[in-house]
Amino acid sequence: MNIAKRKIQSAEEAKKALEASKDEASKKELEAEIFQNLVDSKLYQPSTKWLFENNQCDTTEPVFMYLKKQKWLDEESSLVEQRLTQMYILPDVLPPGVVLDAKLNVDFGGEVFPGTKVDPATTQTEPKISIDCFHKEFKKYTLVMVDPDHPAPEIQNYREKFHWAICNISVNAASKEYVNGDVLLKYIPPHPAQGTKFHRYTFVLLEQPEDATPSTIQQALEASDATVRSLVEKHGFVARGLHFFRAEWSPAVSAIYKDAFGIPEPVFGPRPIVDPRIGPDGRIRNKYHNA
């Protein structure tokens with residue numbers, strides 16, 4: 001009996017054991033065993049590699065799901081994690097140690113690679129986003145876009161601002177369409193204020209808790225202390241994917257404040273140094289003047 005047939009037979013035996021098992025831990029072990037046997041039964045066949053490399057495969061089939069995930073882990077995820085760390089998305093948005101189980105593809109009229117600098121003129125309409133995940137069953141996710149560098153003058157610091165939120169995005173390993181779900185917060189175009197540093201606009205893919213509904217997610221987003229971290233730590237979401245781009249002020253931002261928001265554009269900068277020797281008229285005061 002060749003290896004492929006032996007692995008298929010092992011998978012069939014594990015399936016029978018799974019049907020008879022009542023222990024949850026044993027079920028998970030058997031499911032993993034079935035998956036690995038099905039992968040091994042085709043992994044080393046020449047046709048498998050050709051079909052995968054030429055994008056002519058069903059990615060819900062175990063062997064192709066495995067190859068898709070390995071490509072992400074071996075070739076791409078380490079670069080994304082490096083940029084997330086170098087640009088302090090970790091730990092500013094989420095704590096270090098987040099496991100990237102899914103790949104986010106962001107398209108603003110062209111693919112945007114993580115950490116790329118993008119002119120706000122090209123981000124005025126919402127991007128097309130697709131998700132590469134590695135599970136056969138459909139799971140529901142919430143996608144949020146945040147700016148952790150939004151200035152908050154009242155606290156003399158920065159505050160995380162939500163720019164977009166979509167929940168009930170249902171995907172599996174075969175999903176290829178752009179994300180579609182219930183929009184909880186309409187897309188707010190990036191508008192890094194003049195005088196501020198580069199803003200790190202961050203997309204976070206969050207696996208939803210089983211009992212989550214659009215209304216409960218909306219409530220979590222509208223909380224006064226709402227952040228991506230609070231969604232994970234207080235509301236049971238699990239971060240599965242991350243992506244970000246950087247943007248700074250350009251003339252396009254002035255138009256966004258005027259046309260989209262209808263408010264005066266804020267301008268930030270260093271506080272002026274007050275010289276007590278200079279009077280209101282701009283002249284040097286007499287040393288005997290009255291304060």
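This is a predicted model: local features need pLDDT of at least 70, side-chain atom pairs count only at pLDDT 80 or more; totals for chains, interfaces and linings use all residues.

**Helix H7**

I started from what covers the buried residues of H7, and the list includes strands S4 (139-152), S5 (157-171) and S7 (199-207). Helix H6 (214-222) is also among the covering elements.

Next I asked which residues of H7 are buried. In this helix, residues 228-235, I found Val-228, Ser-230 and Leu-231 buried. Looking down the axis of H7, I see the buried residues fall within an arc of 165°, so they line one face of the helix. I recalled the general rule here: an α-helix has 3.6 residues a turn, so residues three or four places apart point the same way.

Then I turned to the other side of H7, where Glu-233 and Lys-234 are exposed. Just past the end of H7, I noted that Gly-236 has a positive phi of about 80°.

**Cysteines**

How many disulfides are there in the whole structure? My search came back with zero.

I checked Cys-57 to see why. The closest cysteine sulfur belongs to Cys-133 and lies 14 Å from the sulfur of Cys-57, which is too far for a bond, given that a disulfide needs the two sulfurs within 2.5 Å. Cys-167 is in no disulfide either: its nearest cysteine sulfur, again that of Cys-133, is 17 Å away.

Key
Residues are numbered from 1 along each chain as its sequence is written. Side-chain values use heavy atoms; hydrogens and water are left out. Buried means under 20% relative accessible area, exposed over 50%, partly exposed in between (1.4 Å probe, protein chains only). Helices (H or I, at least four residues) and strands (E, at least two) are DSSP runs, numbered from the N terminus. The arc is that of the directions from the helix axis to the C-beta atoms. Contact means heavy atoms within 4.5 Å.
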